[in-house]
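Opening my notebook on this one. I'll jot down what I look up as I go, salt bridges to start.

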Amino acid sequence: MLTADGAVHRRRRSPFTRAFAARLMTELRPQLRRSAEHLIEAWEPGETIDFVVGFASRLPAQAIAGLLGLPLRDIPRFTELAYSASRLLSFSYAPEDIPGMEADMTGLRTYAEELLADRRAAPRDDFLSTFLHDAEQEGELSPAEIVVQVITMIIGGTDTTRGAMASQLASLLQHRAQWQAVCRDPALVRPAVNEALRYEPSVASTSRLAQEDIDLDGVKLPAGQLITFALISALRDERVYKDPDVFDIHRTDHVRLHPVFGAGPHRCLGEALARAELEEGLAALAARVPELEMVGEPFSLRGHFGIRRVGAMRVRRPH
Ligand code: HEM
């Protein structure tokens with residue numbers, strides 16, 4: 001899906017567009033809120049946790065598992081494989097990391113193949129069974145394409161949102177007055193998520209290959225050239241955003257289609273899901289643990305290409 005154009009891209013993407021439509025994601029919100037509250041309840045007062053492990057990675061993994069119909073007990077397996085394999089989309093690896101990443105991508109493929117074989121043998125009332133049945137009936141996707149689309153959804157649905165979830169809490173806790181404002185007024189959750197996605201995005205860039213020679217401001221980009229669109233720069237464009245380096249949840253100059261989700265036919269398929277997770281997750285935290293504080297090293301998202309790498313984030317829930 002991510003690497004195809006035109007009719008091939010549409011054929012690969014269309015089985016997912018209905019399942020990830022904004023209306024269905026809205027219906028999912030109460031469930032996401034409950035999942036977020038359960039994660040917070042498991043957290044003892046006085047306890048310090050790595051927020052990335054204990055919350056930011058779990059909510060997206062539970063959501064994508066629920067949507068696709070993956071068993072919850074598989075979460076540790078598919079998330080670890082996805083976080084490793086997704087480094088391919090970041091360029092943040094060294095040559096010696098490549099064998100491990102390839103092994104984990106193979107692990108993810110084996111996992112997807114097992115799931116599909118299971119649904120083929122015993123179809124259930126879930127997305128995966130319907131997707132597989134329709135794809136095999138219509139014959140529009142080859143067996144390899146079916147497997148790769150499932151892998152794409154698992155990677156797309158886990159790594160990006162865990163980074164964004166941690167990043168939004170870090171930005172708010174580092175701007176304490178704005179965090180307190182969100183805790184007092186739930187109407188600020190949505191603007192806070194929007195601003196956090198702009199200020200410290202979990203995806204830094206998208207890429208394309210030039211199909212023909214392009215003349216850009218006097219610079220020639222030859223056909224076949226890999227081009228990187230720096231979302232991370234566009235999100236701080238001083239011609240669009242006033243004081244772009246300032247984190248301000250009250251800003252009124254956000255553009256209608258948030259650039260962090262890309263543009264054109266490949267614009268993020270999971271935007272509505274990501275927003276539902278980020279907003280419900282933040283709303284639950286603001287309501288339940290307004291006294292939260294960050295401890296130790298400040299959280300960071302690393303890299304300026306593709307999916308950014310997520311560090312640790314220690315937070316404490318005071319007594
Ligand atoms: C904050 C979270 C997220 C961000 C910042 C993000 C960002 C993006 C961006 C920039 C693209 C465009 C890539 C390109 O043009 O080459 C994209 C595509 C995609 N995203 Fe997301 N995404 C997020 C969450 C999700 C989630 C939760 C899913 C879950 C299913 C998802 C699934 C996808 C898929 C399948 C594509 C490929 C679409 C296509 O090629 O047609 N994303 N995302």
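Predicted model: local features only at pLDDT ≥ 70, side-chain atom pairs only at ≥ 80, totals over all residues.

**Salt bridges**

I began with Arg 23, which counts as exposed at 58% relative accessibility. My cut-offs: buried is under 20% relative accessible area, exposed is over 50%, and partly exposed is in between (1.4 Å probe, protein chains only).

Residues are numbered from 1 along each chain as its sequence is written, and side-chain values use heavy atoms, with hydrogens and water left out.

Arg 23 forms a salt bridge with Glu 27, with 3.5 Å between the closest N and O atoms. I call it a salt bridge when a side-chain nitrogen of Lys or Arg is within 4 Å of a carboxyl oxygen of Asp or Glu. Glu 27 is exposed too, at 53%. Helices (H or I, at least four residues) and strands (E, at least two) are DSSP runs, numbered from the N terminus.

Next I checked Glu 280, which pairs with Arg 29 at 2.9 Å between the closest N and O atoms. Glu 280 lies in helix H13 and Arg 29 in helix H3 (residues 29-41), so this pair ties together parts 251 residues apart in sequence.

Arg 288 forms a salt bridge with Glu 41, closest N and O atoms 3.0 Å apart. This one also links distant parts of the chain, from Arg 288 in H13 to Glu 41 in H3, 247 residues apart. Arg 288 is partly exposed at 36%, and so is Glu 41 at 46%. My total count by this rule is 28 salt bridges.

**Iron**

Which protein atom is a donor to the ligand's iron? I found a single one, the SG of Cys 268, 2.3 Å away. Donors here are N, O and S atoms within 2.8 Å of the metal (3.2 Å for Na, K and Ca); water is not among the atoms, so sites may look incomplete. Cys 268 is in the loop between H12 and H13.

Val 240 is in the loop between helix H12 (231-234) and helix H13 (271-288). Val 240 is partly exposed at 33%. Leaving aside neighbours within four places in sequence, Val 240 contacts Asp 253 and Val 255, contact being heavy atoms within 4.5 Å. From Val 240 to Asp 253 I get 7.1 Å, C-alpha to C-alpha, across 13 residues of sequence.

**Sheet**

I traced an open sheet of three strands, order E1-E9-E6, with antiparallel pairing. Strand E1 (48-50) and strand E6 (293-294) are at the edges with a single partner strand each, so one side of each is left without a neighbour in the sheet. E1 and strand E9 (residues 314-316) pair over three bridges; two strands pair if DSSP finds at least two bridges between them. Thr 48 stands opposite Arg 316 in E9.
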